[in-house]
Amino acid sequence: MTQQDVLLPAEVTVPLRTVAGNPELALDVVPETLRPGALDRPVRWAHVSELADPAPYLVGAELVLTAGVNLPKDADRYVRGLRDAGVTALGFGLTPTVSEALPPSLRDACAEHGLPLLVVPPATPFLAINRAVAVALAEAGRHEERRLSEGREALTRAASGGLGSWLPLSPDGCAAGSRWWALGTCWPRATTHRSRCRRQ
């Protein structure tokens, strides 16, 4: 099963901080690449790509993972392409046979263009990151389903009980005020007759 086969609503995402802060992954966030709110940016998938220009094959909100196998010499152009494609962050994997250290040009380009850069240690396989993102997305999807289910149940109870059961009552038993509340939203009450309740 590929990541595209996971049955999740397209709008389900998790914030980057959920992935970056996962202690099991031991990712190192490069601080100078973070702009305000960067860790709150949405992650839809973790996608491994060793293409010199993966941008045409991305849909946005990805955490792109690369070991730099085909990292072009023009790192600035590479990062600009990812940013323009809507990528949320770039994860660079340190690999003894390819890159033992983070290329300074990649660091500088990510800082220049505001693309969050995560350094993946050799002990953390990309598969572990893919799995962590998939688990977080599944949990977010279940949370959204529970929220929607609770909302539908509340509407069903309200409908079966009648709108009158939603109105707050004053001490004398009459509906208080000129507004009523449903599911936390306030609307003006429609009044078609003179109330029998009078101020004392």
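In which sense do β6 and strand β7 (residues 117-120) pair, and over how many bridges? The two strands pair in the parallel sense, over four bridges.

The model is predicted: local features need pLDDT of at least 70, side-chain atom pairs count only at pLDDT 80 or more, and totals for chains, interfaces and linings use all residues. Residues are numbered from 1 along each chain as its sequence is written, and side-chain values use heavy atoms, with hydrogens and water left out.

**View 1. Strand β6 and its covered faces.** Strand β6 spans residues 89-93; strands (E, at least two residues) and helices (H or I, at least four) are DSSP runs, numbered from the N terminus. Five of the five residues of β6 are buried, where buried means under 20% relative accessible area, exposed over 50%, and partly exposed in between (1.4 Å probe, protein chains only). Ala89, Gly91 and Gly93 lie on one side, and Leu90 and Phe92 on the other. In a regular strand the side chains alternate between the two faces of the sheet.

**View 2. The neighbours of β6.** Two strands pair if DSSP finds at least two bridges between them. Strand β5 (residues 62-66) runs parallel to β6, joined to it by four bridges, and leucine 63 stands opposite alanine 89 of β6. Toward β7, glycine 91 stands opposite leucine 118. From β6 the chain crosses through helix α3 (residues 104-113) to β7, in a right-handed β-α-β crossover. Right-handed means that, with the strands pointing away from the viewer, the path from the first strand over the helix to the second runs clockwise. β5, α2 and β6 also make a right-handed β-α-β unit.

View 3. The structure holds five salt bridges, each a side-chain nitrogen of Lys or Arg within 4 Å of a carboxyl oxygen of Asp or Glu. One of them joins aspartate 76 and arginine 80 (2.9 Å, N to O). These two residues are four apart in helix α2 (residues 75-84), so about one helical turn separates them. Aspartate 76 is partly exposed at 29% relative accessibility, and arginine 80 is partly exposed at 32%. Another salt bridge links aspartate 84 with arginine 83, their closest N and O atoms being 2.9 Å apart. Aspartate 84 is exposed at 58%, whereas arginine 83 is partly exposed at 36%.

View 4. Glutamate 139 and arginine 142 meet in a salt bridge (2.9 Å, N to O). They are three residues apart in helix α4 (residues 126-161), so about one helical turn separates them. Glutamate 139 is partly exposed at 35%, as is arginine 142 at 42%.
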